[in-house]
Amino acid sequence: MFCLQWVFKVFSTLLADFQIIFERDPAARNWLEVLFFYPGLQAILLHRIAHKLYKIGIPFIPRFISFIARFLTGIEIHPGAVIGQGFFIDHGMGVVIGETAIIGNDVLLYQGVTLGGTGKESGKRHPTVGNNVVVGAGAKVLGNIEIGNNVRIGAGSVVLRNVPSNCTVVGVPGRVIYRSGVRVDPLEHGSLPDSEAEVIRALVDRIESLEQQVEQLQHKHTPAPAYHISSIVQDTSDVVQNEYEIPTTQGAACQLRNKAIQEFLDGAGI
């Protein structure tokens, strides 16, 4: 009875891995092409075998299967990694998944993704990824961190901290951008927000505002050189301090009232 349950579980897992390809990849034509020409599927099938052998303590053979899979597909998955159902690696060349990584159901990885560690620490040292997560091409998720459910990680991002569920992460280092109430399609990579562009736009707006204030101050004073320059410098410093609340005491935190800039700095860990 136990053997039948185990076989059914394995079959349902492999079937989910196979079916998810047709849902996530519009280029998938038929089952024969998917079976023979999709390295992501081949890598996960070999990993399922290696992982079962790894769990029961068989030495050498699981790592050898992992090595063969990397040689054939360009995808390296340690036999110790725990991967849920419906896992899909699109294209897959250069994907690396570490030994203690834990991946939930219906996760999509693109080429060049790394789920790795940050050093030679022992124990749990690789990411834990939730359900229905999409990791864009070239993204790096490093360390013993948790990625929540329904998270989207933009291409080329480097994620070093925990990410709550239902968020989008972009940039280096990865910055969390909340999208509450917005359903994001797994393949909708072109609509990822650009937090750096938003912050630069906010800074440009501030500079333009300062330039306008300086011009207004210039028109208020007489053209006498000494008085004109000193007054402008003094008045401008007062305006800047009042506008941006720059602290006068040493060691005080910079109080930026612009929400976009503050969130950007917070996301960078500053």
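**Questions on a predicted model**

Me: What is the accessible surface of the protein chain, and what share of it belongs to carbon and sulfur atoms?
Reply: The model is predicted. The accessible surface of the protein chain comes to about 15600 Å². The share that belongs to carbon and sulfur atoms is 60%.

Me: How many helices and strands does the secondary structure of the protein chain come to?
Reply: The protein chain has 270 residues, of which 37% count as buried. Its secondary structure comes to 7 helices and 15 strands.

Me: Which span should H3 have at 1.5 Å a residue, and how far apart are its end C-alpha atoms?
Reply: H3 covers residues 39-55. The expected span is 1.5 Å times one less than the number of residues, so the 17 residues of H3 should span 24 Å. This agrees with the distance between the end C-alpha atoms of H3, which is 24 Å.

Me: How does H3 run relative to H4, roughly parallel or roughly antiparallel?
Reply: The axes of H3 and H4 (residues 61-73) come within 8 Å and cross at roughly 175 degrees. Angles over 145 degrees count as roughly antiparallel. Therefore H3 is, relative to H4, roughly antiparallel.

Me: How many residues of the contact of H3 with H4 are nonpolar, polar and charged?
Reply: On the H3 side the contact includes Leu46, Ile49 and Leu53, and on the H4 side it includes Ile61, Ile65 and Ala69. Gln42 of H3 and Thr73 of H4 also take part. The residues of this contact divide into 11 nonpolar, 2 polar and no charged.

Me: Which residues of H3 are buried?
Reply: A residue is buried when its relative accessible area is under 20%. In H3 the buried residues are Gly40, Leu41, Ala43, Ile44, His47, Arg48, Ala50 and His51.

Me: Where is Asp106, and is Asp106 buried or partly exposed?
Reply: Asp106 is not a glycine, yet its phi is positive, about 55 degrees. Its place is in the loop between strand S5 (102-103) and strand S6 (108-109).

Me: What is the phi of Asn166?
Reply: Asn166 lies in the loop between strand S13 (158-159) and S14. At 45% relative accessibility, Asn166 counts as partly exposed. Although Asn166 is not a glycine, its phi is positive, about 60 degrees.

Definitions and conventions:
Residues are numbered from 1 along each chain as its sequence is written. This is a predicted model: local features need pLDDT of at least 70, side-chain atom pairs count only at pLDDT 80 or more; totals for chains, interfaces and linings use all residues. Side-chain values use heavy atoms; hydrogens and water are left out. Axes are lines fitted to C-alpha atoms, for helices over the stretch in contact, and angles run from 0 to 180 degrees between N-to-C directions. Helices (H or I, at least four residues) and strands (E, at least two) are DSSP runs, numbered from the N terminus. Angles under 35 degrees count as roughly parallel, over 145 as roughly antiparallel, 65 to 115 as roughly perpendicular and the rest as oblique. Contact means heavy atoms within 4.5 Å. Ala, Val, Leu, Ile, Met, Phe, Trp, Tyr, Cys and Pro count as nonpolar, Asp, Glu, Lys and Arg as charged, and the others, Gly among them, as polar. Buried means under 20% relative accessible area, exposed over 50%, partly exposed in between (1.4 Å probe, protein chains only). Accessible areas come from the Shrake-Rupley method with a 1.4 Å probe; for residues, only the protein chains shown count as cover.
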